[in-house]
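Dear colleague, please find below my note on the model under review. The points are numbered so that each may be checked against the structure in turn.

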Amino acid sequence: MKGKTLLILGVISLIYTYCTPFIFKAHVQHPTVHTTAHFGSPFPFVEKSFSETSVPAGESATVAFHSYFSESITFKLTPFLLSTLGHFVLLLAITYLASKFFGFSRQKSQ
């Protein structure tokens, strides 16, 4: 594959990884007064602290991620890079298989 294709796939996987906390919700079993929820896919790279007082004791809570600029989040770089790498490899495999299936080749015809 050409370098331009790899760069485009890298940017797409980076953007998708950055958006995954907004797509998936965290389910917390037995929330206490101060609980931490983990967001991100496939490796959680954002931790959000919240206080859940409206949930009755013994029940589970579903928490959504709203902003990276919140005061109570922790961003972890290593899981973020691993998630980006995982999405990049997945997109690379899909692109390679699609190009082979549909017959796209970069060889000059003779």
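What percentage of the 110 residues in the protein chain do buried residues make up? Buried residues make up 27% of them, where buried means under 20% relative accessible area, exposed over 50%, and partly exposed in between (1.4 Å probe, protein chains only).

1. Basis of the note. This is a predicted model, in which local features need pLDDT of at least 70 and side-chain atom pairs count only at pLDDT 80 or more, while totals for chains, interfaces and linings use all residues. Residues are numbered from 1 along each chain as its sequence is written, and side-chain values use heavy atoms, with hydrogens and water left out.

2. Overall arrangement. The protein chain has two helices and five strands, and along the sequence they follow the pattern α-β-β-β-β-β-α. Helices (H or I, at least four residues) and strands (E, at least two) are DSSP runs, numbered from the N terminus. Among contacts between residues at least 6 apart in sequence, 61% join residues at least 24 apart; contact means heavy atoms within 4.5 Å.

3. Surface. The accessible surface of the protein chain comes to about 8000 Å², and 64% of it belongs to carbon and sulfur atoms. Such areas come from the Shrake-Rupley method with a 1.4 Å probe; for residues, only the protein chains shown count as cover.

4. The nonpolar core. Which residues form the largest nonpolar core? The 12 residues are A26, V28, A37, F39, F45, V46, F50, V63, F65, Y68, I73 and F80. Two or more residues of this core come from each of β1 (26-28), β2 (35-39) and β3 (46-50). A nonpolar core is a set of buried Ala, Val, Leu, Ile, Met, Phe, Trp, Tyr and Cys residues joined through side-chain atoms within 4.5 Å. In soluble globular proteins, nonpolar side chains tend to be buried together. One member, Y68, touches Y18, P21, F22, F45, V46, I73 and F75, when residues up to four places away in sequence are not counted.

5. Helix α2. This helix has 26 residues and reaches 37 Å from its first C-alpha to its last, close to the 38 Å expected at 1.5 Å a residue; the expected span is 1.5 Å times one less than the number of residues. The buried residues in α2 are P79, F80, S83, T84, H87 and S99, and their cover includes α1 (3-23) and β5 (73-75). Just after α2, G103 takes a positive phi of about 80 degrees.

6. Is S83 buried or exposed? S83 is buried because its relative accessible area is 0%. Residues up to four places away in sequence aside, S83 touches T17, S41, P42, F43 and F45. H87, also found in helix α2 (residues 77-102), counts as buried because its relative accessibility is 10%. Apart from neighbours within four places in sequence, H87 is in contact with S13, Y16, T17, T20, S41 and P42. The C-alpha atoms of H87 and Y16 are separated by 7.9 Å, although these residues are 71 apart along the chain.

7. The outward-facing side. L77 lies in helix α2 and is exposed, with a relative accessible area of 52%. L82, in helix α2 as well, counts as partly exposed at 42% relative accessibility. F43, L82, L85 and V89 form a nonpolar patch on the surface, with about 360 Å² of accessible area together. Patches are made of residues with over 30% relative accessible area and no salt bridge: like charges are joined within 9 Å, nonpolar side chains (Val, Leu, Ile, Met, Phe, Trp, Tyr) within 5 Å.8. A cis peptide bond. The bond that joins S41 and P42 is cis, with omega about -5 degrees. P42 is found in the loop between β2 and β3. Most residues other than glycine have a negative phi, and most peptide bonds are trans.

8. The salt bridge. How many salt bridges does the structure hold? The structure holds one salt bridge, the term meaning a side-chain nitrogen of Lys or Arg within 4 Å of a carboxyl oxygen of Asp or Glu. The side chains of K76 and E47 meet in it (2.8 Å, N to O). K76 lies in the loop between β5 and α2 and E47 in strand β3, so the pair ties together parts that are 29 residues apart in sequence. K76 is partly exposed, with a relative accessible area of 34%, whereas E47 counts as buried at 19% relative accessibility.
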